[in-house]
Amino acid sequence: NNASLHRLTIAEIERLVEVIVDECGANLERAQFTDTAMALLDQMPGLETLPSRVARQYVSAMWTRYLSVQRATSTR
C-alpha cells in the first residue's frame with residue numbers, strides 16, 4: 001500500500017517544522033514556508049515521490065504547527 005509508505009506521524013511533522021524554524025526562522029510568509037516545506041519533503045528519502053495532494057496536506061499540517069511556533073515566539 002503506497003499510502004502507508006508516505007504516512008508521517010504528528011511527531012515527524014513537528015520535527016520537520018523544527019527543522020524549518022532552525023534553518024529559516026519563525027517569520028516566513030505562507031508562500032516562503034510552502035516552498036521551503038516542499039523542498040524539504042522532496043529531499044527526504046521515500047518522500048520525494050509523494051503525490052502532490054498528499055504533499056499539500058502535509059504542508060498544510062506543517063503550516064498550522066508553524067503558526068503556533070510563530071505565535072509562541074512573538075509573545076516572548
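A: Of the contacts in the protein between residues at least 6 apart in sequence, 68% join residues at least 24 apart. The model is predicted, and its fold comprises four helices and zero strands, so that the pattern read along the sequence is α-α-α-α. For 76 residues a compact globule would have a radius of gyration near 11 Å, and the value of 12 Å for the protein therefore agrees with that expectation. The C-alpha trace spans about 45 × 20 × 20 Å along its principal axes.

Buried residues account for 30% of the 76 residues. The accessible surface amounts to about 5100 Å², and carbon and sulfur atoms contribute 51% of that area.

As to charge, the protein carries 8 positive and 9 negative side chains, with the centres of the two sets 9 Å apart. Against this background, the count of salt bridges is one. The pair concerned is Arg15 and Glu18, whose side chains meet at 3.1 Å, N to O; this falls inside the cut-off, which requires a side-chain nitrogen of Lys or Arg within 4 Å of a carboxyl oxygen of Asp or Glu. Both Arg15 and Glu18 belong to helix H2, which covers residues 10-24, and their separation of three residues corresponds to about one turn of the helix.

Is this pair buried or exposed? Arg15 has a relative accessible area of 44% and is therefore partly exposed. Glu18, at 40%, is likewise partly exposed.

How values were computed
Residues numbered from 1 in each chain as written. Predicted model: local features only at pLDDT ≥ 70, side-chain atom pairs only at ≥ 80, totals over all residues. Heavy atoms only, no water. Helix = DSSP H or I, 4+ residues; strand = E, 2+ residues; numbered from the N terminus. Rg over C-alpha atoms; globule rule 2.2 N^0.38 Å. Buried < 20%, exposed > 50% of the residue type's maximum accessible area, 1.4 Å probe, protein only. Contact = heavy atoms within 4.5 Å. Areas by Shrake-Rupley, 256 points an atom, 1.4 Å probe, with all protein chains shown as cover. Lys, Arg positive; Asp, Glu negative; His and termini not counted. Charge placed at Lys NZ, Arg CZ, Asp CG, Glu CD.
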